[in-house]
Amino acid sequence: MSHVQTSATYQELIRKKRDGGQLTQREIRDFVQGVKLKTIQESQIGAMLMAIWQKGMETEETHALTKEMMHSGEVMSWPAEWEGLVVDKHSTGGVGDKVSLVLAPALAACGCKVPMISGRGLAHTGGTLDKLESIPGFNIYQPVQQLQRILAEVGCCIVGQTETLVPADKVLYALRDATSTVDSLPLITGSIISKKGAESLSALVLDVKFGRAALYKDLASAKTLAQSLVTVGNSLGMRTGAVLSRMDAPIGRCVGNSLEVIESLEILKGRGSHTLIDLVTTLGTVLDVDGMVLAEVLHSLGAGRSKAGEPINHSVGAELLVSLGEQVDKGQPWLCVHFESPALSPAQTLLLQNILTLGTPLPQHTHTHTLVEETILP
């Protein structure tokens with residue numbers, strides 16, 4: 001027997017949130033299902049959005065909202081051989097922000113798979129889909145089967161939400177703009193991370209902007225948003241990190257849909273704004289070696305003790321063949337692991353592959369602030 005929510009119950013949920021109450025996971029599921037199945041009136045959705053904007057949400061509520069939105073439609077699955085390679089990026093938006101148009105093919109050229117579900121412009125910020133639709137004949141809507149074929153052939157695809165991909169967010173996304181609730185922290189988090197979660201990503205990097213031309217004007221507010229995005233992203237099994245970048249002046253040299261596409265093509269040819277190139281490089285790479293994960297793998301190989309008195313294998317260890325800040329070429333060995341028995345398992349090998357974060361040190365003239373947060377492996 002199907003469960004049908006009544007209008008009165010929706011009124012109760014709206015009243016509860018309006019009065020500052022914390023919604024349960026079941027209540028949030030009922031609201032999201034109502035949005036998906038169109039059993040809730042549009043005016044009631046708008047009222048709930050405003051209640052969330054006014055009263056906010058606890059971390060548990062935001063996690064539940066994001067998870068329910070993610071599962072309101074189809075969640076993608078990928079071939080086993082793509083494990084650890086499916087990655088994406090998201091920007092909170094700005095003026096002249098065409099980074100995705102450059103970063104997606106750049107990551108694909110490095111061997112990654114980038115199934116980017118993008119959005120249209122909100123408020124004053126430009127949308128990646130709007131830019132792509134300035135290309136005559138470009139189709140932003142692709143079925144999941146076609147998307148997987150494109151990824152297999154070229155490594156990246158930027159698409160819009162279809163009726164089967166996070167359909168609840170598609171409704172909420174449009175109404176947030178109409179109800180002036182675009183800058184709600186839990187609604188931003190739910191919208192961004194639900195789409196990325198539906199992509200079944202191995203890793204996600206977030207470009208959270210602050211400044212005059214950003215949704216968040218000050219660094220402290222942007223840090224709060226970044227923390228929310230990183231926390232919820234990791235809780236859904238994606239290795240998630242964030243970069244805080246200043247959004248005062250336009251990114252690059254061009255503003256406007258077709259002009260930004262042209263500039264992106266120039267950047268891919270190695271020409272154009274150095275500031276834009278720096279930002280793309282920063283987002284497409286991270287600069288670290290996770291010492292804790294390395295130590296845990298070595299411990300499991302016999303280098304450490306789980307309790308006092310246990311023997312250890314003194315020959316087990318690892319040698320870093322590169323230093324932080326040193327250039328690493330594709331295919332270049334960067335870690336030598338010394339072990340005897342047991343041998344490295346596929347899972348341990350994947351863990352070690354994921355502890356390396358590549359990147360290019362930022363020049364002093366760029367105004368980019370990196371937020372380092374704890375990440376978990378999927």
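Mentor: The chain contains 14 helices and 10 strands. Helices are DSSP runs of H or I with at least four residues, strands are runs of E with at least two, and both are numbered from the N terminus. The model is predicted, with pLDDT of at least 70 needed for local features and 80 or more for side-chain atom pairs, while totals for chains, interfaces and linings use all residues. Residues are numbered from 1 along each chain as its sequence is written, and side-chain values use heavy atoms, leaving out hydrogens and water.

Trainee: Why does cysteine 112 count as buried?

Mentor: Buried means under 20% relative accessible area, exposed over 50%, and partly exposed in between, with a 1.4 Å probe and protein chains only. Cysteine 112 has 18% relative accessibility, and therefore counts as buried. Cysteine 112 sits in the loop between helix 5 and strand 2 (114–117).

Trainee: Which residues does cysteine 112 touch, not counting residues up to four places away in sequence?

Mentor: They are Leu85, Val87, Leu107 and Gly155. Contact here means heavy atoms within 4.5 Å.

Trainee: What makes helix 5 mostly covered?

Mentor: Eight of the 11 residues of helix 5 are buried, including Val99, Leu101 and Leu107. Glycine 111, with a positive phi near 100 degrees, follows helix 5.

Trainee: What makes a set of residues a nonpolar core?

Mentor: The set must consist of buried Ala, Val, Leu, Ile, Met, Phe, Trp, Tyr and Cys residues joined through side-chain atoms within 4.5 Å. The largest such core in this chain has 30 residues, and Trp78, Leu147 and Val208 are among those with the most contacts inside it. Helix 10 (219–235) is one of the elements that give two or more residues to this core, and helix 10 supplies the largest share, six residues. Another core, of 25 residues, lies apart from it and has Val99, Ala104, Ala108 and Val114 among its members. In soluble globular proteins, nonpolar side chains tend to be buried together.

Trainee: How many residues of each class line the second largest pocket?

Mentor: The lining has 15 nonpolar, three polar and no charged residues. Ala, Val, Leu, Ile, Met, Phe, Trp, Tyr, Cys and Pro count as nonpolar, Asp, Glu, Lys and Arg as charged, and the others, Gly among them, as polar. Among the lining residues nearest the centre of the pocket are Leu101 and Phe138.

Trainee: What makes a space a pocket?

Mentor: On a 1 Å grid over the protein atoms alone, a pocket is an open set of points where a 1.4 Å probe fits, with protein on both sides within 12 Å along at least five of seven lines; lining residues have an atom within 4 Å of a point.
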